[in-house]
Amino acid sequence: MARLNCGVIGLGRLGFKHAQNLAGRIEGARLLAVSDPLDAARNNFSAGFSAVNVYEDYQDILKRKDIDAVVVASSTNTHGKIVIDSLKAGKSVFCEKPITLDMEEAGRLRKTLAETTGYLTVGFMRRFDDAYAYGKKRIDSGELGAPVYARCVSRDPDCPPIEFAKNSGGLVLDMCIHDIDLARWFIGGDISRVYAQGGVLMWEELGKIGDIDHVDIDFTYKSGRLAHLEGSRNARYGYDIRTEVICTKGAVFIGGLRQTACVVLNRNGSLTDVVPEFLTRFDKSYEREMESFVSDVLNERPSAVTLEDGIAAVALAAAVNKSLKLQQPVEL
Ligand SMILES: NC(=O)c1ccc[n+]([C@@H]2O[C@H](COP(=O)([O-])OP(=O)(O)OC[C@H]3O[C@@H](n4cnc5c(N)ncnc54)[C@H](O)[C@@H]3O)[C@@H](O)[C@H]2O)c1
C-alpha cells in the first residue's frame, strides 16, 4: 500500500495531536519528523515517540527528500511563511487555521500555490465533524429547501494563554474564523455587508494586548440571506459550540452542551456533563481531516478545504475587525 511520509511543524496543543494521529491512527500515513523551536515542546514529544526525528528548525524537515507532506501547526503568525517555504520545497501541505493573518501574504500564498501546483488544505475541522457533516449533507440533498439564515455560537470556557493569544490574530481570526467558514459553507454566495460589535467583558489581560473576549457579527449576503455569529471566551461552564441553519422547508440544529448522552437524576434534580474543551469535542474531526489530507494526496484528489476557502475566511475576518474598529458596518 502507498504511504505518505509526513512531518509536523509545531508541537503545541494541536501539533502534538496531529503528530499522534499521523504516528498511529491514520491509514497510509507515516510520521518521520517533527520540529519546534521550543526545547520543552521537543522534549515533551521525544518522550513518547523515539522513532521520529525531532528538529529545532523546520527547514530540516523541508530539506528531506523522503518527506512528502507537512502539517503546519505552528503559532499562527508563522503559517504563511512556513507554508510558502513548504510548497517551494515540493511538499504537500496541511495548514492549521487561519492560513495567514494578512491579505498581502494571502496574495503571495496564492501565487506560490499556482507556481508550484502543489497540494494545500486548511484545517477547518468542523467540516469533518459527524454532526456538521450530517447537517450539511441533509441541506445539500435539497429536502429542507434553501438555507436562508445561519446562527453560530462558539464559546470557549477560558481565556487562552496570553503568549498564544498575542500571535493568534485575536478572537475573530483565531476563533470566529471557524464560524465564518461555516457561514460560507452552509449558506453559500457572496457576503456583501459585515457588522460587528464586541469588547472585553471578562478577561482584562486580553484587553491589554489589544484583543477582545466577546463579539457579535452580522453578515448580509448579496442574496439577502443572513447569518449571525457569536464568539466568546466567557463560557465558564464549558466549551459551547452550536450552529442552527434555518431553511425554507426546515432547519438543522447542530451541537449541544453535553459530552455524554446521560442524565443523572436524584431527588435534588437532574445533572448532565458539559463538553470540557476543543480537543475532546473535535477529537474525531482532527482524525478525519488528517485521513482526508493523507488520502487526497495519495490519490491525487483536490483538497476538500481549499486555499481559497482559507483566504475567503481571512478576508471576512479582516472585514469584521474593520467593522469593530470603525464601529460601523463595512460594505464589501
Ligand atoms: N482547528 C482547531 O481546532 C485549532 C485548535 C487549536 C489551535 N489551532 C491552530 O493551531 C495552531 C497551533 O495552535 P496551538 O494551540 O497548538 O498553539 P501552541 O502555542 O500550543 O503551539 C504552537 C507551537 O508552535 C511552535 N512554533 C512557533 N514557531 C515555530 C516555527 N517556526 N517552527 C515550528 N514550530 C513553531 C511553538 O513553539 C509552539 O510549541 C494555531 O495556528 C491555532 O490557530 C487550531
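Where is the place of Pro98? Pro98 sits in the loop between β5 and α5, and a legend below comes back to it. First, two notes for every view. This is a predicted model, in which local features need pLDDT of at least 70, side-chain atom pairs count only at pLDDT 80 or more, and totals for chains, interfaces and linings use all residues. Residues are numbered from 1 along each chain as its sequence is written.

View A. The chain splits into domain 1 (4-118) and domain 2 (127-284 + 313-331), with bounds that come from an automatic or database domain assignment. Taken over C-alpha atoms, the centres of the two domains are 27 Å apart. Where they meet, 12 residues of domain 1 are in contact with 12 residues of domain 2 (contact: C-beta atoms, placed from the backbone, lie within 7 Å). On the domain 1 side, α1 (13-24) and α5 each supply at least two of the touching residues. Helices here are DSSP runs of H or I with at least four residues, strands are runs of E with at least two, and both are numbered from the N terminus. That side of domain 1 divides into five nonpolar, four polar and three charged residues (nonpolar: Ala, Val, Leu, Ile, Met, Phe, Trp, Tyr, Cys and Pro; charged: Asp, Glu, Lys and Arg; polar: the others, Gly among them).

**View B. The largest nonpolar core.** This core has 91 residues. A nonpolar core is a set of buried Ala, Val, Leu, Ile, Met, Phe, Trp, Tyr and Cys residues joined through C-beta atoms within 7 Å. Buried takes 20 or more other C-beta atoms within 10 Å of a residue's own, exposed takes 12 or fewer, and partly exposed is in between, with C-beta atoms placed from the backbone. Cys6, Val8, Val72, Cys176, Ala183, Ala317 and Val320 have the most contacts inside the core. Helix α8 (residues 171-187) gives the most to this core, namely 12 residues. Domain 1 (4-118) and domain 2 (127-284 + 313-331) each put in at least three. Zoom in on Val8 and, leaving aside neighbours within four places in sequence, its contacts are Gly15, His18, Ala19, Leu22, Leu31, Val34, Val71 and Ala73.

**View C. Helix α5 against helix α12.** Two packed helices are described by the angle between their axes and the distance between the axes. For α5 (residues 103-116) and α12 (residues 307-326), the angle is about 170 degrees and the axes are 10 Å apart. That makes α5 roughly antiparallel to α12. Axes are lines fitted to C-alpha atoms, for helices over the stretch in contact, and angles run from 0 to 180 degrees between N-to-C directions. Under 35 degrees counts as roughly parallel, over 145 as roughly antiparallel, 65 to 115 as roughly perpendicular and the rest as oblique. Met103, Ala106, Leu109, Arg110 and Leu113 of α5 meet Leu307, Ile311, Val314, Ala315 and Ala318 of α12. By type, the residues of this contact are nine nonpolar, no polar and one charged.

**View D. Helix α4 and its surroundings.** In helix α4 (residues 79-88), His79, Gly80, Ile82, Val83, Ser86 and Leu87 are buried. They pack against β1 (4-9), α3 (59-62), β4 (69-72), β5 (92-95), α5 and β6 (120-122). Val83 counts as buried because it has 29 C-beta neighbours inside 10 Å. Leaving aside neighbours within four places in sequence, Val83 is in contact with Val72, Val93, Cys95, Ile99, Leu109 and Leu120. Lys88, also found in helix α4, counts as partly exposed, with 13 C-beta neighbours inside 10 Å. With neighbours within four places in sequence again left out, Lys88 is in contact with Thr112 and Thr116. The C-alpha atoms of Lys88 and Thr116 are separated by 6.5 Å, although the two are 28 residues apart along the chain. After α4 comes Gly90, with a positive phi near 85 degrees.

View E. Most residues other than glycine have a negative phi, and most peptide bonds are trans. Back to Pro98: a cis peptide bond joins it to Lys97, with omega about -20 degrees. Thr117, in the loop between α5 and β6, has a positive phi of about 45 degrees without being a glycine. Thr117 is exposed, with 7 other C-beta atoms within 10 Å. Glu300, in the loop between α11 (283-298) and α12, has a positive phi of about 55 degrees, and it is not a glycine either. Glu300 is exposed, with 7 other C-beta atoms within 10 Å.

How values were computed. Two residues are in contact if their C-beta atoms, placed from the backbone, lie within 7 Å.
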